[in-house]
Amino acid sequence: MINDDANVGTPGGDVYDWYRRGLALLEGGDSAAAAQLLVRAREAEPGSKSIREALARALFNSRHYADSAEAFEGLVDDNPSDDYAHFGLGLALSRMGRHDAAAPHLAMAAAMRPSVDHYDNALRQVRATLRAREDMK
């Protein structure tokens with residue numbers, strides 16, 4: 001996980017400020033800094049879905065795929081009908097090379113929201129990888 005004991009002190013502002021700044025960093029492409037700030041926000045508000053989802057995204061974008069998968073898995077456990085959490089979990093698992101585990105989550109996301117093209121595209125890519133691996137046996 002991202003180092004919770006970074007040399008940075010407690011950020012100024014309240015938890016909502018940390019969340020908003022974390023989102024701004026994430027949208028600005030500084031995912032590692034966003035993750036550091038969002039870890040603090042999650043520590044203060046561990047039940048916040050918005051903070052946990054933003055942290056999972058920041059972890060994914062900063063290539064901490066195992067931590068991202070763990071964060072998205074917690075979101076799926078809390079709300080099995082959360083299509084985005086399934087999608088994020090599936091993507092993180094696929095980046096870790098765990099395509100067998102990724103496919104069901106991507107399939108669930110695509111089934112829940114068939115109009116979201118990137119869900120279907122990710123599922124097709126994972127299934128193609130699985131077929132290619134099977135063909136090589």
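What percentage of the 137 residues of the chain count as buried? The share is 43%, where buried denotes under 20% relative accessible area, exposed over 50%, and partly exposed in between, with a 1.4 Å probe and protein chains only. The model is predicted, so that local features need pLDDT of at least 70 and side-chain atom pairs count only at pLDDT 80 or more, while totals for chains, interfaces and linings use all residues. Residues are numbered from 1 along each chain as its sequence is written, and side-chain values use heavy atoms, leaving out hydrogens and water.

The chain contains seven helices and zero strands; helices (H or I, at least four residues) and strands (E, at least two) are DSSP runs numbered from the N terminus. Its pattern along the sequence reads α-α-α-α-α-α-α. The C-alpha trace spans about 55 × 30 × 25 Å along its principal axes. Among contacts in the chain with a separation of 6 or more, 48% are between residues 24 or more positions apart, a contact being heavy atoms within 4.5 Å.

The interior may be considered next. A nonpolar core is a set of buried Ala, Val, Leu, Ile, Met, Phe, Trp, Tyr and Cys residues joined through side-chain atoms within 4.5 Å. The largest such core has 40 residues, and those with the most contacts inside it are Leu 38, Phe 87 and Leu 106. Two or more residues come from each of α1 (15-27), α2 (31-44), α3 (49-61), α4 (65-78), α5 (83-95), α6 (99-112) and α7 (117-135). Helix α3 gives the most, with seven residues. At least three residues of this core come from each of domain 1 (12-63) and domain 2 (64-136), the bounds being taken from an automatic or database domain assignment.

Not counting residues up to four places away in sequence, Leu 38 touches Trp 18, Tyr 19, Gly 22, Ile 51, Ala 54, Leu 55 and Ala 58. Leu 106 is placed in helix α6 and is buried, with a relative accessible area of 0%. With neighbours within four places in sequence left aside, Leu 106 is in contact with His 86, Phe 87, Gly 90, Leu 91, Ala 122, Leu 123 and Val 126. The C-alpha atoms of Leu 106 and Asp 83 are separated by 8.7 Å, although these residues stand 23 apart along the chain. In soluble globular proteins, nonpolar side chains tend to be buried together.
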